[in-house]
Amino acid sequence: MLKINVYDRDSITPLRSLMTNIGSLLASLLAIGIVFFLCGVNPLYAIAKIFTGSFGSMYGFKETITKAIPLILIGGGLALAFRAKFWNIGAEGQLLMGALMGTWIGLTWGSSIPSSILIPIMFAAGFIGGAFLGLIPAILKIKFSINEVISTLMLNYICAELITMLIVGPWKGNTRFGFPGTNNLNDAALLGVISGSRIHYVTLIIAIISILILSIIVYRTRFGYEVRVIGENPEAGKYAGIDFFKTTLVIMTLSGGLAGVAGVGELAGIHHYLGYPASISSGYGFTAIIVAWLAKLNPIYVLVSALFFAGILVGGDAIQISLGLPGATVQIVNGILLVFLIMGDYFLKHKVIVSFANNDSKIACAAKK
Amino acid sequence: MEDVVISVLHRTMVAGTPLLLGTVGEVICERSGILNLGVEGVMSVGAVVAFVVTYTTGNPWLALIAAILAGMIISLIHAFASITLMANQVVSGLALTMIGLGLSGMVGKPYVGKPLAVKMNDFAIPWLSDIPFVGPLLFKQSPFFYMAILLALAAWFFLERTLAGIKVRSTGENPRATETQGVNVTLVRYICVITGGAFSAMAGAHLSTSYSKSWIEGMTAGRGWIVIALTIFALWNPGKAIFGSFLFGGVFVLQYLLQPVGISPNFLAMLPYIATLLILFGMGLRDRRRLNAPAQLGEPYKRGER
């Protein structure tokens with residue numbers, strides 16, 4: 001007879017936390033392998049290809065860093081929001097809003113303002129755009145108790161349609177041969193890249209600085225403490241006199257703003273024009289949710305987990321090409337990873353002992369009674 | 001003119017059907033205290049499974065059964081994570097959506113752009129469909145429509161008028177007290193999550209075998225999220241879900257009505273999402289206590305803890 005006993009753990013050491021995460025990752029790789037196998041794909045080859053495609057070559061590694069840039073920015077912002085249990089699922093829309101604002105600035109002043117002034121204005125506009133979109137659900141939640149998961153998601157859809165409306169309508173470029181999309185931004189509005197790669201280093205530097213600032217905010221300021229209290233014990237927060245409205249506004253300004261900055265980076269560093277929403281962001285807003293979760297909502301760890309998931313995105317592209325798998329493959333991989341990560345939390349907090357209770361002990365139990 | 005009105009209202013009913021199925025499922029699930037944000041993913045799985053089975057066997061009823069089974073199985077992921085392992089329900093539901101959308105994209109890829117030879121045919125109910133105006137509107141519909149209405153009424157009766165329904169509701173309100181009455185909270189919640197999955201999958205099957213007769217990635221287009229908003233709008237009551245779903249069906253139809261007027265189709269495509277926000281806004285203006293949300297919604301239940 002199989003017997004399962006569960007005990008609460010008294011303390012969680014960082015080492016145990018790390019080991020649990022590694023265990024979750026290994027378990028999810030197993031599950032992903034099974035899914036691949038059921039879909040008629042050699043699982044060992046596919047999983048190996050994901051990692052060799054992303055970390056196994058210089059080209060792959062450069063691409064991995066490129067894709068890590070938006071994930072670091074968004075993942076850091078989400079880590080802050082999720083700490084307060086504000087479920088911002090709208091980073092995708094906030095990124096698009098940033099790209100939209102960047103495009104607007106770039107198209108309007110691209111030929112009249114020098115690059116050294118234009119680029120900072122674009123990033124600032126992107127931050128404002130993303131923050132604006134992030135503030136809407138924050139206000140709706142605190143003042144009208146509207147579930148932020150739904151409002152942020154609805155804004156994603158609305159933003160995507162708004163951009164499509166612009167690129168087939170008023171912003172449609174005359175150099176696109178009738179295809180939807182704006183004209184290319186002027187050279188002054190484009191970001192430099194490290195030669196031989198697509199790494200737009202300005203955004204990368206902004207991303208790393210943002211992470212450092214975020215970790216100071218989270219661990220070294222009163223505000224960071226308030227964010228934690230709101231998330232972990234809102235009742236206590238009320239008694240302590242924390243202003244929920246103000247705190248949530250600041251959280252979402254940062255979280256949305258950073259996603260907006262990521263949008264400007266993608267626009268000015270990679271695409272150089274505003275096209276279809278799905279091409280501007282390949283689901284960074286959603287992948288970043290898992291990035292933040294794997295990082296245990298610690299901004300510094302976001303750097304590592306963003307790199308890891310960027311690798312999966314790049315490796316996912318690699319197996320799509322070499323095995324002819326659909327784009328949705330990466331989504332399955334991400335979803336399974338997320339499920340196992342949250343399941344792993346249970347084993348972090350509880351000690352589970354599985355034992356075989358034999359007949360003798362049953363008799364012993366009966367005898368005691 | 002009357003024909004136009006009937007045609008518009010008929011399409012409203014068709015567009016509202018998947019919303020109603022999904023909402024009733026989510027109401028049952030949330031009444032037991034589990035928030036399931038995986039509706040969008042489960043719907044998508046239901047759509048692809050129903051499409052593939054109809055495509056290969058030519059039998060949409062067999063396809064419906066297969067879709068329901070698939071929906072129940074994949075919902076187990078959320079049930080296990082959120083009930084047994086007490087994981088965060090928001091994150092677990094999101095993961096279910098990712099997996100569902102991913103799996104359906106992967107499975108459905110070879111079928112993109114292939115039309116169905118057979119579909120779930122509309123069925124005119126004898127006698128009733130001859131009634132002027134009401135007949136063609138309500139009694140010449142796809143079987144999904146009849147099932148949605150009947151299931152919504154049945155779910156209302158079950159939740160509000162039966163002992164088992166009281167057990168489900170009290171599980172969502174106060175699981176600890178419910179457990180002392182000899183109810184297995186874990187089991188009740190598992191059943192409700194899986195039932196919700198079955199309903200969402202039916203909604204998906206409607207989309208691919210009756211509404212559009214084809215499969216494209218992302219064809220659920222946010223309906224799974226609208227369903228979650230409708231659950232709040234319906235005040236967790238399957239009866240009120242009927243009204244809400246067809247109201248939103250109307251918003252979907254409005255898109256096609258306004259297109260010839262010259263409004264940008266992209267702007268019209270925003271309408272359901274804007275309407276969702278507006279409706280939640282309206283709900284937010286009401287007194288929170290009258291919203292009637294299950295008290296323990298989204299809270300994991302740990303047995304034996306005081």
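Q: Is helix 10 of chain B largely enclosed by the rest of the structure or open, and how many of its residues are buried?
A: Keep in mind that this is a predicted model. A residue counts as buried when its relative accessible area is under 20%. Helix 10 covers residues 223–233 of chain B, and it is largely enclosed because the buried residues number eleven of the eleven.

Q: Which residue with a positive phi follows helix 10 of chain B?
A: Inside the helix, the buried residues include B:Trp225, B:Ile228 and B:Phe233. After helix 10 of chain B comes a residue whose phi is near 50°, and that is B:Leu235.

Q: How confident is the predictor about chain B, and which element of chain B has the lowest mean pLDDT?
A: Chain B has a mean pLDDT of 90, with 97% of its residues at 70 or more. Among its elements, helix 3 (residues 60–84) of chain B has the highest mean, 96. At the other end, with a mean of 80, sits helix 5 (residues 134–138) of chain B.

Q: Which two chains' helices does the stacked pair of A:Tyr157 and B:Tyr273 join?
A: Over all chains, there are 15 aromatic pairs. In this one, the rings are 4.5 Å apart centre to centre, with 15° between the planes, so they count as stacked under the 30 degrees cut-off. A:Tyr157 sits in helix 6 (residues 148–168) of chain A and B:Tyr273 in helix 12 (residues 265–284) of chain B, so the pair joins two chains, A and B.

Q: Which helix of chain A gives the most to the lining of the largest cavity?
A: The structure holds one cavity of 30 Å³ or more, and the volume of the largest cavity is about 60 Å³. Its lining has nine nonpolar residues, with no polar and no charged ones; among them are A:Leu29, A:Phe51 and A:Phe308. The most, three residues, comes from helix 2 of chain A.

Notes. Residues numbered from 1 in each chain as written. Chains lettered and ligands numbered in written order. Predicted model: local features only at pLDDT ≥ 70, side-chain atom pairs only at ≥ 80, totals over all residues. Heavy atoms only, no water. 1 Å grid on protein atoms, 1.4 Å probe; cavity = no way out; pocket = protein on both sides within 12 Å on 5 of 7 lines; lining within 4 Å. Points joined across faces, edges and corners; volume = space filled by probe spheres on them. Helix = DSSP H or I, 4+ residues; strand = E, 2+ residues; numbered from the N terminus. Nonpolar A, V, L, I, M, F, W, Y, C, P; charged D, E, K, R; others polar. pLDDT = per-residue confidence, 0-100. Buried < 20%, exposed > 50% of the residue type's maximum accessible area, 1.4 Å probe, protein only. Phe/Tyr/Trp six-rings, centres within 6.5 Å; stacked < 30°, edge-to-face > 60°.
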